[in-house]
Amino acid sequence: ASFDKIIKPGQTGKVSANVDTSTFNGPIGKAVTLETNDPATPSAQVTIHAVVKPYVEAHPAGFVRFQLLQGDAETQTVTLYSEEEEPFEIVKVESPQEWIKVDYKKADETQIVPGVCNGRNAQYRVTVTAGGPDAKIGPIADKVRIVTNSKHQPEYLLSVSGVIRPAFRVEPSGVNF
């Protein structure tokens, strides 16, 4: 924040505050406390309210979550879009694991998510398939790196989380292994 250091009695001063929103998404509120030598109001608080929208967004969310048994595979899809003025494109995707497969393509008319984009830009369906015979038992906590042509947000990280549990099979004797 910056402010006028001296304000004469009966005059008006100016306070300016900036909020770095680069690590925020959604509604935020940040407070600025003003301390004065005015005995009637020695301090006051001003709150800045905003809704931070990223340049590249995912619908329904910026993550996929898997609950798998070892050897099984599952697929989930999110839609990526941008409300920037320039035409939006996904340039490439990078998977963090060989057993996490990622594919993407422009959404066709039947796949467009209504009300989430400016209508001028393409929406992309990003399909993530996790699991299979090479997936290890344990927690999943990775990020798929999506490179876009957005000059403001050239990289989008899609979180992949969940767990792969051991698969049990029943032997003819009725004992679980």
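In the predicted model, strands S7 and S10 run antiparallel and are joined by 8 bridges. Within this pairing, Leu80 has Tyr124 of S10 as its bridge partner. Strand S7 (73-82) is also paired with strand S5 (56-59): these two strands run antiparallel, and 4 bridges join them. Here Val56 stands opposite Ser82 of S7.

Further pairings involve strand S11 (138-148). Strand S8 (90-94) runs antiparallel to S11, with 4 bridges between the two, and Glu94 stands opposite Arg145 of S11. S11 is likewise joined to strand S12 (155-165), in an antiparallel arrangement with 10 bridges. In this arrangement, the bridge partner of Ile140 is Gly162 in S12. S11 and S12 form a hairpin, and 6 residues lie between them.

Aromatic side chains were considered next. The model contains 2 aromatic pairs. In one of them, the ring centres of Phe88 and Tyr124 are 5.9 Å apart and the planes meet at 80°; because an angle over 60 degrees counts as edge-to-face, the pair is assigned to that class. Phe88 is located in the loop between S7 and S8, whereas Tyr124 belongs to strand S10 (residues 124-131), so the pair ties together parts that are 36 residues apart in sequence. Phe88 has a relative accessibility of 3% and therefore counts as buried, the limit being under 20%. Tyr124 is also buried, with a relative accessible area of 6%.

Tyr124 takes part in a second aromatic pair, with Tyr104, in which the centres are 6.4 Å apart and the angle between the planes is 55°; this pair is tilted. Tyr104 lies in strand S9 (residues 100-106) and Tyr124 in S10, so that this pair links distant parts of the chain, 20 residues apart. Tyr104 is partly exposed, at a relative accessible area of 27%, because this value falls between the limits of 20% and 50%. Phe88, Tyr104 and Tyr124 form one aromatic cluster. Elsewhere in the chain, a charged side chain accompanies an aromatic ring: Lys5 lies over the face of Phe3, at 3.8 Å from the ring centre.

Glu89 is found in the loop between S7 and S8 and is partly exposed, with a relative accessible area of 40%. Glu89 and Ala122 are 33 residues apart in sequence, while their C-alpha atoms are 7.2 Å apart in space. Apart from its neighbours within four places in sequence, Glu89 is in contact with Tyr124, Thr148 and Asn149.

A polar atom of the Gln123 side chain lies 2.8 Å from the backbone nitrogen of Val113. When residues up to four places away in sequence are not counted, the residues touched by Gln123 include Thr79, Leu80 and Tyr81, as well as Lys105, Lys106 and Ala107. Also among them are Gln111, Ile112, Val113, Val116 and Cys117.

Ser22 is situated in the loop between strand S2 (15-16) and strand S3 (26-35). With a relative accessibility of 58%, Ser22 counts as exposed, because the limit for this class is over 50%. The C-alpha atoms of Ser22 and Pro54 are separated by 8.5 Å, although these residues are 32 residues apart along the chain.

Notes. Residues numbered from 1 in each chain as written. Predicted model: local features only at pLDDT ≥ 70, side-chain atom pairs only at ≥ 80, totals over all residues. Heavy atoms only, no water. Phe/Tyr/Trp six-rings, centres within 6.5 Å; stacked < 30°, edge-to-face > 60°. Buried < 20%, exposed > 50% of the residue type's maximum accessible area, 1.4 Å probe, protein only. Lys NZ or Arg CZ within 6 Å of the ring centre and 35° of its normal. Polar contact = N/O pair within 3.5 Å; in protein donor to acceptor, adjacent residues only side chain to side chain. Contact = heavy atoms within 4.5 Å. Pairing = 2+ DSSP bridges.
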